[in-house]
Amino acid sequence: MIARVPSLHRSAVPFLALLAFVAACDDSGSPSGPGKDGGPNGSDGSDNGVHSWYGDIGPMLIEHCGGCHQDGGIAPFEINYESAYQWRALIKSTTEARTMPPMPVNNDGSCRTYSNARWLSDDQIEDIGEWVDAGAPEGVEKELPGLPAGAELKDPDVETDTGIDYMANGDVSDDYRCFPIAWNQASDKYMTAYEVVPGNRQIAHHMILYMIADDQKSWVTQEDAKDETPGYPCYGSASPGNPMPVVLWAPGSGRTDMPAGTGIKIPQNAMLVMQMHYNLANGPGTDRTTIRMKLADSVTEPAIYVPLLNSQIDIQPQMEEEVELPGSTYEAGHLPIPNVEIPIPLTIHGVFPHMHQKGTKLKVTFESTETGEECLVDVHKWDFNWQEGWWYDEPFVMPSTGTNRAFDITCTFNSTGTNTVTNWGEGTSDEMCLTFAYATSPLLEYLGF
């Protein structure tokens with residue numbers, strides 16, 4: 001048992017936004033917008049050491065928050081000085097709590113760092129707080145970087161979408177919908193790069209493209225045929241078991257290139273399912289999200305997503321403190337890779353953690369006599385609504401020698417508010433403790449991957 005740590009769920013944002021709006025009002029109740037001097041304190045931020053919008057705060061927020069906070073985006077306001085001034089109290093409180101920018105995975109260097117991190121350093125968070133406390137001065141006006149649009153994938157080999165303009169379910173705040181995707185290739189291919197183009201950025205919250213295992217294909221077909229509405233509801237994942245993720249997307253992401261020389265094999269007869277998460281805080285709407293891919297007939301190092309999981313979930317209800325699941329250990333080389341019974345070397349390039357609503361923390365480590373304990377991912381503030389794959393700045397190469405080599409995964413849950421025992425499963429009330437590791441090995445091609 002460990003102490004409970006409250007977390008800010010995304011559904012709390014509208015209420016906090018109201019608090020921030022009230023905080024930004026003067027005594028008459030109307031917004032107290034900034035004056036020409038850049039804030040009520042009269043500072044223009046031109047003095048050395050004074051934080052200002054144009055001096056340091058604006059570029060920082062544009063870089064880390066502009067992917068969502070832009071005109072037509074899913075966030076409630078665009079990143080510019082007028083909006084930042086109005087929402088300054090919320091910006092300070094959410095950055096201090098590390099609920100914004102949303103990144104459930106720790107990037108402070110104590111357990112890996114990530115090339116696609118949305119992470120503010122402690123110093124940057126302190127700078128934002130000081131700027132807000134000083135009245136959020138505007139500073140000396142100058143041209144700022146443009147909002148990130150994400151690099152495009154030009155000349156894709158495949159461009160596919162859901163096949164329809166889907167009207168998201170306006171009766172729920174978060175609509176999870178899965179759409180089977182046609183895959184018409186004459187031979188097996190390797191995906192080496194992709195770009196996801198959301199059809200409606202105001203509701204498209206995140207997307208995962210899954211490859212369905214052969215024994216689950218009939219289940220998907222049956223679910224899709226249950227009603228006339230295209231696709232089927234899919235809260236946990238696209239099918240029972242552990243379908244393999246192929247494409248991962250969140251707002252602000254552009255072109256994603258798989259690590260050089262690597263790629264995911266998509267067989268000729270593959271069944272692909274696009275899971276869309278639609279957040280309807282801005283109202284309902286239609287969407288037709290597109291995926292563009294670069295394909296190759298072969299790659300130097302085939303890659304797979306290795307599932308590291310702990311399915312022994314038995315969480316009692318109404319636990320006032322968080323419950324840490326005993327670790328689940330995989331002896332190195334004997335991982336849950338289909339049809340592989342021999343030890344194989346692995347290089348891990350990134351991770352995709354996954355839990356449900358009761359999950360709060362997740363950690364994966366590797367340990368051997370040669371390396372000691374190596375941390376592979378530390379999810380310090382899990383939020384189901386912000387799922388993404390995270391790519392290492394430097395890959396982890398599993399040592400080929402040493403003894404007692406093993407991976408270990410632990411998860412922590414909060415069962416407050418539940419009335420029944422929670423077990424492993426796909427449903428809203430079920431849980432998971434799972435991380436997919438994007439891994440390569442010189443033996444994978446020999447083994448048929």
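I began with Leu209, which stands opposite Met274 in E10; I take strands, here and below, as DSSP runs of at least two residues (E), and helices as runs of at least four (H or I), both numbered from the N terminus. I note that this is a predicted model, in which local features need pLDDT of at least 70 and side-chain atom pairs count only at pLDDT 80 or more, while totals for chains, interfaces and linings use all residues. Residues are numbered from 1 along each chain as its sequence is written, and side-chain values use heavy atoms, with hydrogens and water left out.

**Entry: the sheet**

I looked up the strand order and found an open sheet of five strands, E6-E3-E10-E5-E7, with antiparallel pairing, where two strands pair if DSSP finds at least two bridges between them. Strand E6 (232–233) and strand E7 (244–249) stand at the edges with a single partner strand each, so one side of each has no neighbour in the sheet.

I then followed the pairings of E5, which joins E10 in the antiparallel sense over seven bridges and E7, also antiparallel, over five bridges. On the E7 side, the bridge partner of Leu209 is Val247. Eight of the eight residues of strand E5 (residues 204–211) are buried, so this strand is largely enclosed by the rest of the structure; buried means under 20% relative accessible area, exposed over 50%, and partly exposed in between (1.4 Å probe, protein chains only).

For strand E3 (residues 174–181) and strand E10 (residues 272–279) I noted eight bridges in the antiparallel sense, with Gln275 of E10 as the bridge partner of Cys178.

**Entry: Asp161**

I found Asp161 in strand E1 (residues 158–161), partly exposed at a relative accessible area of 24%. Leaving aside neighbours within four places in sequence, Asp161 is in contact (heavy atoms within 4.5 Å) with Ile181, Met274, Arg288, Thr289 and Thr290. I also noted 9.6 Å between the C-alpha atoms of Asp161 and Val196, which lie 35 residues apart along the chain.

**Entry: H2 and H5**

The contact is made by Trp53, Ile57, Met60, Leu61 and His64 of H2 and by Gln124, Asp127, Ile128 and Trp131 of H5.
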